[in-house]
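The following exercises are to be worked with the sequence and the model at hand. Each task is followed by a solution in steps.

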Amino acid sequence: MYRSIIALLLMCAQLSASSQQRIYLYPSEEGIVIRGFDTTAPYIDYYPSKNPSAGRTAVLICPGGGYQNLAWEKEGVLPARLFNENGMDAFVLRYRLNNPKQEGHRYPAQYNDVTTAIRIIRSRATEWGIDPDKTGVMGFSAGGHLASTAATIHQKGDPSAKDPLLRIDTRPSFAILIYPVITMDTSFGHRGSRNNLLGPKPDEALVQSLSTENRVNTATPPVFLVHADDDKGVPPMNSIVFYGALKKNNVKASMLIYDHGGHGFGMAPTDPLLSQWPMQVVQWLQRQGFR
C-alpha cells in the first residue's frame, strides 16, 4: 500500500518535472477576455529542449483552426516535441478566437497575441538559455496566416517605452508556414478564416492590408513553406503567391508542394512522403544557422 503511494508520488513528480510551463500573455484579463465566450486568457506553453547549451533556437508555434478553434495537439504539441528532439525550444500559442456569430475577437487581437508572445520570449531569453536573435514563428493554416502577419508586420522596439516589453522588436528571425492561409481575398482565400478575423463585411483596405503577400518586403525574415497540391480548403496558390513575393524582394525562401495531402495533414506520421517535411524544416533551420 505504502509502496504504491510512494511510486505514485514519484511518478507524479517526474511528470511535473518534464511538463511544460504555462505563461499568460497579459498581466490582467481586463479588455482581453470576453466573458461568456472565452474559456481562458491567451497564453504560451513552453516546451524546453534538453539541449544544455546556451543561445538555443526557439520556435513559437501557432496552431490552425480557421481563427475559430485550435488544433492544439496535432499542430502545436507534436511539432513542439519535434523541435525539442532536435535541440530547439518551442512555445505553443493559445491566441484569441472568434466564431461565425462574431461573439469573439477580431483583428488585431490575434496579431497582438503573437507579437506579445514574441516579446515575452525574448524578454526572458537569458533566463531560458534562448538566443533572442534565433526566435522564429511557425503556423499551420489560419495559424500560418497569423505567423505570416508577424513575419511581415513588424513593431520596432521603443527604447523609451515605460513597458519593458515594448522596448523589444517583434520581427521573428524566421517563419515556417504549413498550408497557410495567406490572402484575405475571396478568389482563393479561406472565407471562414477571413470572416472570423475581419468580420463578414470588412473594409477593402483592411482586406488588402491583411493579405500578407502584399506586406512582404526586404525586411521579411527567411521563410519555409509547405503545401499540398490537392488542398481544397486553402489552395496552394496561397503559398505560391507568398513565395513569389519573397523572391521578388530577395528574401531567402524554400517551398515544398506535395502532390497529395489535402488540408490539415499535420505531421503526417503515417504517410511515407508527407512525413518527410518536418525533418526538412529542421535541416533548413540548421542550414540557416538556427540550432
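**Exercise 1.** Determine whether Glu29 is buried, partly exposed or exposed, and identify the residue with which the side chain of Glu29 forms a salt bridge.

*Solution.* In this predicted model, Glu29 has a relative accessible area of 35%. Partly exposed covers the range between under 20% (buried) and over 50% (exposed), so Glu29 is partly exposed. The side chain of Glu29 meets that of Arg35 in a salt bridge, at 3.2 Å from N to O. Arg35, with 66% relative accessibility, counts as exposed.

**Exercise 2.** Describe the surroundings of the salt bridges Arg81–Glu73 and Arg96–Asp113.

*Solution.* First, the closest N and O atoms of Arg81 and Glu73 are 3.7 Å apart. Arg81 is partly exposed at 42%, and Glu73 is partly exposed at 42%. Next, Arg96 and Asp113 meet at 2.9 Å, N to O. This pair links distant parts of the chain, 17 residues apart: Arg96 lies in the loop between strand E4 (89-94) and helix H3 (109-123), and Asp113 lies in helix H3. Both Arg96 and Asp113 are buried. The model has 6 salt bridges by this rule.

**Exercise 3.** How many residues of helix H5 (residues 142-152) are buried?

*Solution.* Buried requires under 20% relative accessible area. The buried residues of H5 include Ala142, His145, Leu146 and Thr152. The count is 11 of the 11 residues, so helix H5 is largely enclosed by the rest of the structure.

**Exercise 4.** Classify the residues lining the second largest pocket.

*Solution.* The pocket has a volume of about 170 Å³. Among the residues that line the pocket are Leu25, Tyr26, Asn112, Arg119 and Asp163. By class, the lining has 5 nonpolar, 4 polar and 2 charged residues.

Note on methods
Residues are numbered from 1 along each chain as its sequence is written. This is a predicted model: local features need pLDDT of at least 70, side-chain atom pairs count only at pLDDT 80 or more; totals for chains, interfaces and linings use all residues. Side-chain values use heavy atoms; hydrogens and water are left out. On a 1 Å grid over the protein atoms alone, a cavity is a set of points where a 1.4 Å probe fits but cannot get out, and a pocket is an open set with protein on both sides within 12 Å along at least five of seven lines; lining residues have an atom within 4 Å of a point. Grid points are joined across faces, edges and corners, and a volume is the space filled by probe spheres set on the points. Ala, Val, Leu, Ile, Met, Phe, Trp, Tyr, Cys and Pro count as nonpolar, Asp, Glu, Lys and Arg as charged, and the others, Gly among them, as polar. Buried means under 20% relative accessible area, exposed over 50%, partly exposed in between (1.4 Å probe, protein chains only). Helices (H or I, at least four residues) and strands (E, at least two) are DSSP runs, numbered from the N terminus. A salt bridge is a side-chain nitrogen of Lys or Arg within 4 Å of a carboxyl oxygen of Asp or Glu.
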